[in-house]
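This briefing covers one protein structure. Please look over the sequence and the model shown here before going on to the points below.

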Amino acid sequence: MTVWPAALCAQGVPEPDDYREEPYRGPVPETLSGGTVVSSEEAHALWQTGDAAFIDVLPRAPKPENLPAGTIWRDKPRLSIPGSLWLPNVGYGRIAEITSEYFRSGLEKATGGDTARPVLFFCLDECWMSWNAARRALEYGYETVYWYPEGTDGWTFEDFPVEELQPEPEPQ
């Protein structure tokens, strides 16, 4: 069996006509129509200058409903790019209206309501969630959208700093 490096697998992956649905992990395109794709070095430079709001869209596993009474549930810690806003579950191909409202509210918080403020979306390497979220932000009218396809995998590979994030609270 031949195993190809991720960079070779990504070559030739076309952007879909709509949002990507399952599977969400796999080779991603090298482009985002209307947005700018950035490398780890470029993402780090944007982070250092503070010129863009960083949005982490890694999904969060829900607490299983059928846990036995007294079971302690601990969410897996999310180590991410410092200062990022974590908006889990907004990168699925189809999202409910309440999730769309949550996403819009999070973007407004991250940008101070300024759709001209640059936003950068990321998740993990080869994760379509960040591509979907970046595309959705463009459709919401955000003017400068960066997509960082290597996500926290690329960030930590470069030994850039990380911190534990808590997800932005969801509306009740």
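Gln 48 is exposed, because its relative accessible area is 57%, and the cut-off for exposed is over 50%. The model is a predicted one.

**Gln 48**
- Gln 48 sits in helix α2, which runs over residues 40-49.
- Between the C-alpha atoms of Gln 48 and Gly 26 there are 29 Å, with the two residues 22 places apart along the chain.

**Helix α3**
- Helix α3 spans residues 97-111, 15 residues in all. From its first C-alpha to its last it reaches 21 Å, close to the expected 21 Å at 1.5 Å a residue.
- The buried residues in α3 are Thr 99, Ser 100, Tyr 102, Phe 103, Gly 106, Leu 107, Ala 110 and Thr 111. They lie on the same side of α3, because the arc they cover around the axis is only 160°.
- On the face of α3 turned away from the buried side are the exposed residues Glu 97, Glu 108 and Lys 109.
- The cover over the buried residues of α3 includes the strands β2 (53-56), β4 (85-86) and β5 (119-122), along with α4 (128-139).

**Strand β2 and its partners**
- Ala 53 and Ile 55 point one way from β2, whereas Phe 54 and Asp 56 point the other way; all are buried.
- With β5, β2 pairs in the parallel sense over 4 bridges, and Ile 55 stands opposite Phe 121 in β5.
- With β4, β2 also pairs in the parallel sense, over 2 bridges. Here Asp 56 stands opposite Trp 86 in β4.

**Nonpolar cores**
- The largest nonpolar core holds 31 residues, and those with the most contacts inside it are Ile 55, Val 57, Phe 103, Leu 107, Phe 121 and Val 145.
- Two or more residues of this core come from each of β2, β4, α3, β5, α4 and β6 (145-148). The largest share, 6 residues, is that of α4.
- Leaving aside residues up to four places away in sequence, Val 145 touches Leu 32, Gly 35, Thr 36, Val 119, Phe 121, Ala 134, Ala 137 and Leu 138.
- Another core, of 12 residues, lies apart from the largest one; among its residues are Val 38, Phe 54, Tyr 146 and Tyr 148.

Conventions
Residues numbered from 1 in each chain as written. Predicted model: local features only at pLDDT ≥ 70, side-chain atom pairs only at ≥ 80, totals over all residues. Heavy atoms only, no water. Buried < 20%, exposed > 50% of the residue type's maximum accessible area, 1.4 Å probe, protein only. Expected span 1.5 Å × (residues − 1). Arc of directions from axis to C-beta. Contact = heavy atoms within 4.5 Å. Pairing = 2+ DSSP bridges. Core = buried A, V, L, I, M, F, W, Y, C linked by side-chain atoms within 4.5 Å.
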